[in-house]
Amino acid sequence: MNIPVLFFSYFALASIIISLIVITRKNYIHAVLWTLLLFVHISGIYLFLNAEFFAMIQMIVYAGAILVMLIFVIMLLNVKHEDHLSDVSSLSIPKAFLVFCVLGVLAIVLQASYLNTTGKFSIDLVNKVSDAKLLGQVFYSEANLPLIIMGVVLFVPMIAAIVLAGKRSDE
């Protein structure tokens with residue numbers, strides 16, 4: 001096993017383990033901090049896949065903006081601990097088996113449908129032009145409407161947070 005495969009395996013395995021840690025935390029602030037570590041590891045995976053732009057976006061958008069928004073919401077709603085959530089360890093074996101079966105079927109379907117297909121952008125083209133330039137061309141030409149819809153979808157929670165903050169200050 002060579003060094004890049006070893007590091008990629010580390011980042012992939014650490015991402016899975018940290019994901020499990022995130023969903024098992026009862027303190028939301030701790031979960032957000034573990035999520036930050038998860039985003040760093042996912043960014044490392046992107047670097048090993050030669051997707052530097054996605055690694056940078058992962059760190060700026062998700063580790064920066066999204067996590068700050070999560071902390072803002074946690075502090076705004078004044079949530080300290082979530083005691084009424086069911087413990088993951090109390091998940092029954094049939095339910096866990098069902099979840100693993102659904103995930104297995106999903107993985108098989110994804111592998112059969114997406115991983116064996118090739119897109120119109122080859123690795124040589126991406127290396128020649130740069131991934132950021134190709135993404136810009138696709139976003140502003142072919143994916144114009146989904147980009148606008150995504151902007152509206154991200155704008156609505158911001159308005160909701162402002163309305164919630166306004167109600168809290170009135171009380």
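Start by selecting helices α5 and α6, each of which supplies at least two residues of the lining of the second largest pocket. Helices here are DSSP runs (H or I, at least four residues), numbered from the N terminus. A pocket is an open set of points on a 1 Å grid over the protein atoms alone, where a 1.4 Å probe fits, with protein on both sides within 12 Å along at least five of seven lines; lining residues have an atom within 4 Å of a point.

You are looking at a predicted model, in which local features need pLDDT of at least 70 and side-chain atom pairs count only at pLDDT 80 or more, while totals for chains, interfaces and linings use all residues. Residues are numbered from 1 along each chain as its sequence is written, and side-chain values use heavy atoms, leaving out hydrogens and water.

Stay with this pocket and show Phe-54, Phe-121, Ile-123, Val-126 and Asp-131, which lie nearest its centre among 15 lining residues. Helix α6 gives the largest share, five residues. The space comes to about 490 Å³, a volume filled by probe spheres set on grid points joined across faces, edges and corners. Colour by domain next: domain 1 (1-79) and domain 2 (121-170) both contribute to the lining, so the pocket lies between them; these bounds come from an automatic or database domain assignment.

Now for the largest pocket, with about 690 Å³ of space. Select Val-61, Tyr-62, Ile-66, Met-150 and Leu-154, the closest to its centre of 26 lining residues. Helix α3 (52-77) supplies the largest share, 13 residues. This pocket also lies between the domains, because domain 1 and domain 2 both give residues to its lining.

Finish with the aromatic rings. Rings of Phe, Tyr and Trp (its six-membered ring) pair if their centres lie within 6.5 Å; planes under 30 degrees apart are stacked, over 60 edge-to-face and the rest tilted. There are six such pairs. Pick Phe-11 and Phe-48: with centres 5.8 Å apart and planes at 50°, the pair is tilted. Phe-11 sits in α1 (residues 3-24) and Phe-48 in α2, 37 residues apart.
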